[in-house]
Amino acid sequence: RVLTVKPDLGSLKILPYASQTAMVLGTLHDQVTGELSPLCTRGLLHRVIESARDDFGLAFTVGAEIEFTLFHDDKTKQDDMPVAVDESLFGHATTLNQQEEFISDLYDQLCKQNISVELVHAESASGQLEIVLKYQLDPMKLADNVVLARETIRAVARLHGTRALFLPKISAAQAGNGMHLHFSFRNLRSINSPKSNAFPHETIPDAISSLGGSFLEGILDHLPALVSLTIPSVNSFRRVGPGCWTGSDVSWGVEDKEAPLRVCIDPATRCATNVELKLADSTSNVYLKIAAVLSAGLDGIMRGLKLRPMAGSTEAEDLDSSLASKLPATFEESLEYLQCDNFLCSILGKELVICYIALRKAEIEDSSDVSLEDEVIHAYRLA
């Protein structure tokens, strides 16, 4: 089957790092019928956004944090383990100071593409940085910004004699690279405040609204299958585990970095502003992952699910074992959960599910005998 790309001219950007070049995003369509392809993940996200608005009266706000590691660009050692630009530790100023020109140039080039940056900061591993993209009232805009930002990070890194790797796990002894997503929503049918955040409880500090609770529980209910879409590689699962700030079970918490779903609190107002999904990285398709997470949350709202007790609470210790379940231990196991999740499969569509699982299983087979070092060297060559 031949597919054509229908450009979305609203996404057109002149690339400041390649001034004679522009980039435009689009949707995949059948060349003969012109119909949107069931394999188009950007089209899938558009459908989910429309369904949220038309069927639920909800509009989502989404933000993203992109982590990456900078390595020296040494073209003479393509087959050797690359060397990070420094040996800094958590939150150290070394990377910020030594890479000041790169960071300033990157910020300027993102701004020229109308990609708003809230924060740039050093992360946990050597040479590791995080770019926090400003939340968007349109999830499609945020997803497009992620695609453009990653391309810009790679290109600007090269201009400054470095290479940027988004690989989830680079060193067994250090933290990996995630791409965390933040979600909240607005109730468009609210008479008093249709533009206000409907995620927090209206009167109780640190608490979530009933709709917010159902949204979280929907994500938790589908989380074992969702991770096949949000951390979709063998390398991704090297980053997951206790003490890795990713979460290792199906749980949520308030400002708990060990929970896969972290409810974020505004320190000034004590308001629960949004929920952060930590089990996400840059090996995933950003359109597919946002569409799947939003759909899972909407399923929780549609079913009126009650949010399970918070991790670490007395009530959580008494949870039924089926609710207090562990996450899949491997990427291959997560694909099995996806195959068994009828709801998510119905959202993605049969053709996309079949193709996605076949592709990912082929990748698993190809990486069966590949070491972490080999993964890093391969990613470095492509960076």
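# Reading side-chain features in a predicted model

Modeller: Let's start with a group of rings: Phe60, Phe185, Phe199 and Phe215 make up one aromatic cluster. Keep in mind that this is a predicted model.

Colleague: How many aromatic pairs does the structure hold?

Modeller: There are seven of them. To read one, look at the gap between the ring centres and the angle between the planes; an angle over 60 degrees counts as edge-to-face. For Phe68 and Phe102, the centres are 6.3 Å apart and the planes stand at 75°, so this pair is edge-to-face.

Colleague: Where do Phe68 and Phe102 lie in the chain?

Modeller: Phe68 is in strand β5 (residues 58-72), while Phe102 is in helix α3 (residues 100-112), so the pair ties together parts that are 34 residues apart in sequence.

Colleague: And are Phe68 and Phe102 buried or exposed?

Modeller: Both Phe68 and Phe102 are buried. Now try a pair from the cluster we began with. The rings of Phe185 and Phe199 have planes at 90° and centres 6.3 Å apart, so they are edge-to-face too. Phe185 belongs to strand β9 (residues 179-187), and Phe199 to the loop between β9 and α5 (210-230); the two are 14 residues apart, and the pair links distant parts of the chain. Phe185 and Phe199 are both buried.

Colleague: Let's move to nonpolar cores. Which residues touch the most other members of the largest one?

Modeller: In that core of 88 residues, they are Phe68, Phe183, Phe215, Leu216 and Ile290. Helix α7 (residues 286-302) supplies the largest share, with 11 residues.

Colleague: What does Ile290 touch?

Modeller: Skip the residues up to four places away in sequence, and you get Leu45, Val62, Pro139, Leu142, Ala143, Leu181 and Phe183. There is also another core, lying apart from the largest one; it has 10 residues, including Phe71, Ile170, Val376 and Tyr380.

Colleague: Now the charged pairs. How many salt bridges are there?

Modeller: The structure has 16. Asp144 and Arg42 form one, with their closest N and O atoms 2.8 Å apart. Asp144 sits in helix α4 (residues 139-159) and Arg42 in helix α1 (residues 41-56), so this bridge ties together parts that are 102 residues apart in sequence.

Colleague: Why does Asp144 count as buried?

Modeller: Buried means under 20% relative accessible area. Asp144 has 7%, so it qualifies. Arg42, at 7%, is buried as well.

Colleague: What about the salt bridge between Arg53 and Asp54?

Modeller: There the closest N and O atoms are 2.9 Å apart. Arg53 is partly exposed, with 42% relative accessibility, and Asp54 is partly exposed at 46%.

Colleague: Which residues are linked in a network of salt bridges?

Modeller: Glu255, Arg262, Glu276 and Lys278. Within that group, Glu276 bridges to Lys278, and their closest N and O atoms are 3.8 Å apart. Glu276 and Lys278 are both buried.

Colleague: How far apart in space are Ala225 and Leu133?

Modeller: From C-alpha to C-alpha they are 26 Å apart, and in sequence 92 residues separate them.

Key. Residues numbered from 1 in each chain as written. Predicted model: local features only at pLDDT ≥ 70, side-chain atom pairs only at ≥ 80, totals over all residues. Heavy atoms only, no water. Phe/Tyr/Trp six-rings, centres within 6.5 Å; stacked < 30°, edge-to-face > 60°. Helix = DSSP H or I, 4+ residues; strand = E, 2+ residues; numbered from the N terminus. Buried < 20%, exposed > 50% of the residue type's maximum accessible area, 1.4 Å probe, protein only. Core = buried A, V, L, I, M, F, W, Y, C linked by side-chain atoms within 4.5 Å. Contact = heavy atoms within 4.5 Å. Salt bridge = Lys/Arg side-chain N within 4 Å of Asp/Glu carboxyl O.
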